[in-house]
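Here are my notes on the model, point by point. Have the coordinates open while you read.

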Amino acid sequence: MDLAPLAAAAAKLVQPSATIMMDHAALCVAFAAALPRDISLTIVTNSPRVTTALEGHRQASAILLGGLYDQEKGCSVGTVALSQLEQFNADLFFVADCAVHASVGLTPLTFPTPKSSALCAAEAPRE
């Protein structure tokens, strides 16, 4: 599946100086690579692949959440990453591998736990 068109469309939502939280999904990696290279922004992620995709984005700051690294998933998971995540407020929250449930809310496969996605969604502005 070609993720580039969806990533490019999502990148158009980004405003200068935005703080964006994203998980480790392939679509998030494509989104990071598609971000405009000429605007200042901050990315908060649990994915080394996302930070690598930002190469060449000289005005982008990448904050890589730490803690337990899950080699199978390719991202940081667990309580350390979650406690670090709580320090940030995002303008955009971009997660690709989740479902929405009426009573549970967002339930991603990892970021770094389902609770963290609920936290990100709660902190993101509503429009």
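**Notes on the predicted model**

1. Leaving aside neighbours within four places in sequence, Ser47 is in contact (heavy atoms within 4.5 Å) with Asp23, His24, Leu64 and Gly74. Ser47 sits in the loop between β2 (41-45) and α3 (48-53). Is Ser47 buried or exposed? Buried, with a relative accessible area of 0%; the cut-offs are under 20% for buried, over 50% for exposed and partly exposed in between, using a 1.4 Å probe and protein chains only.

2. Some ground rules. This is a predicted model, where local features need pLDDT of at least 70 and side-chain atom pairs count only at pLDDT 80 or more, while totals for chains, interfaces and linings use all residues. Residues are numbered from 1 along each chain as its sequence is written, and side-chain values use heavy atoms, with hydrogens and water left out.

3. The overall layout: the protein chain has 5 helices and 8 strands, and along the sequence they follow α-β-α-β-α-β-β-β-α-β-β-β-α. These elements are DSSP runs numbered from the N terminus, helices being H or I of at least four residues and strands E of at least two. Of the 127 residues, 42% count as buried. Among contacts between residues at least 6 apart in sequence, 48% join residues at least 24 apart.

4. Now the sheet. Four strands form an open sheet in the order β3-β2-β1-β6, with parallel pairing; two strands pair if DSSP finds at least two bridges between them. β3 (60-64) and β6 (92-94) stand at the edges with a single partner strand each, so one side of each has no neighbour in the sheet. On average, neighbouring strands here are turned by 20° against each other, direction ignored. Helix α2 (residues 26-34) packs on this sheet and touches β1 (18-22) and β6, its direction making about 155° with that of β1. For such angles, axes are lines fitted to C-alpha atoms, for helices over the stretch in contact, and the values run from 0 to 180 degrees between N-to-C directions.

5. β1 deserves a look from both sides. Ala18, Ile20 and Met22 point one way, Thr19 and Met21 the other, and all are buried. With 5 of its 5 residues buried, β1 is therefore largely enclosed by the rest of the structure.

6. What about the packing? The largest nonpolar core has 21 residues, of which Val14, Ile20, Met22, Phe31, Leu35 and Ile43 touch the most other members. A core here is a set of buried Ala, Val, Leu, Ile, Met, Phe, Trp, Tyr and Cys residues joined through side-chain atoms within 4.5 Å. α1 (4-11), β1, α2, β2 and α3 each give it two or more residues, and α2 gives the most, with 5 residues. A second, separate core of 10 residues includes Met21, Leu65, Ala81 and Val95.

7. On charges, the count comes to 1 salt bridge, meaning a side-chain nitrogen of Lys or Arg within 4 Å of a carboxyl oxygen of Asp or Glu. The side chains of Asp70 and Lys73 form it, at 3.7 Å from N to O. Lys73 counts as partly exposed, at 36% relative accessibility.
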